[in-house]
Amino acid sequence: MNKNKFDKIKIKLKNASVGIAGIGGLGSNASIALARAGIGRLVLVDFDKVDINNLDRQYYFLDQIGQLKVNAMKENIRRIDPKIKVEAYNLKLKRGSMYYPFKDIDVVIEALDEASIKTEFIEEILLNLPEKPIVAASGVTGYGHSDRIVTKRLGNLYLCYDKYAISSKDDVLMAPRVCLIANWEANLAIEIILGEDK
Amino acid sequence: MSIEVNGRKVDWVENETIKQLLKRVKYTFPLVVVKINKEVIPRKDFSNVVVPDNSKIDVIHMISGG
């Protein structure tokens, strides 16, 4: 580990903030990666509770079943680093106000589930917060084919993307690929905050 | 007289709206984000906004899973 390099970026990361829309398969794993990386402030938004069926891929534990995901995630982050500021919003994103919780953070991560909500969210962020970098993901289903995942950049939209993947309604969701793309999103957020690693 | 849709060269059609273009190039996904020359077009305007000649169009479609 290059301590000089790490000391330099540590301060930047500590002063940075990331907002995560959806704390399910993508969002829970991305949150943990960002917490461990040292992001100083995380804004979590989700309306759901932890369910036993989430545990095959989402970063929760058996004793958290029934808890609000945002509260359970806040606790999991606290157990890694209690100094991280976590703002947890238990709410369902509604058209027209989806961008509200993300106004004053550095990078937005789209980690929602349903295609229609994902699309609406991206459109709303791009239209209402045009200067805000947004990282989104499409194509998390299935297993294998790690090397089909690419980053597609369109202005401030960074899309982690597998064009061959199919909808979760017609495929399986499994921890390795979900976590891979969640960490891909977190890694992109870090790259946006720090600039390219030369 | 052509436009570019997701990197693919397509004929330009006068007075064609985004909605008509999406149908013509067979993008049948019901929900997409469309950018014309890097500008995001709200979905509610798809049937009003006319595609200009020589424009570069990005159509982003998301699939479920997360």
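Tutor: Helix H2 (residues 25-37) and helix H5 (residues 175-194) of chain A pack at an angle of about 45 degrees, with their axes 8 Å apart, and they are therefore oblique to each other. Here helices are DSSP runs of H or I with at least four residues, and strands are runs of E with at least two, numbered from the N terminus. Axes are lines fitted to C-alpha atoms, for helices over the stretch in contact, and angles run from 0 to 180 degrees between N-to-C directions; under 35 degrees counts as roughly parallel, over 145 as roughly antiparallel, 65 to 115 as roughly perpendicular, and the rest as oblique. This is a predicted model, in which local features need pLDDT of at least 70 and side-chain atom pairs count only at pLDDT 80 or more, while totals for chains, interfaces and linings use all residues. Residues are numbered from 1 along each chain as its sequence is written, and chains are lettered from A and ligands numbered from 1 in the order in which they are written.

Among the residues in contact (C-beta atoms, placed from the backbone, within 7 Å), H2(A) gives A:Leu26, A:Ala30 and A:Ala33, and H5(A) gives A:Val178, A:Ala182 and A:Glu185. By class, this contact has 12 nonpolar, three polar and one charged residues, where Ala, Val, Leu, Ile, Met, Phe, Trp, Tyr, Cys and Pro count as nonpolar, Asp, Glu, Lys and Arg as charged, and the others, Gly among them, as polar.

Between the chains, the contact takes 15 residues from chain B and 30 residues from chain A.

How values were computed
Contact = placed C-beta atoms within 7 Å.
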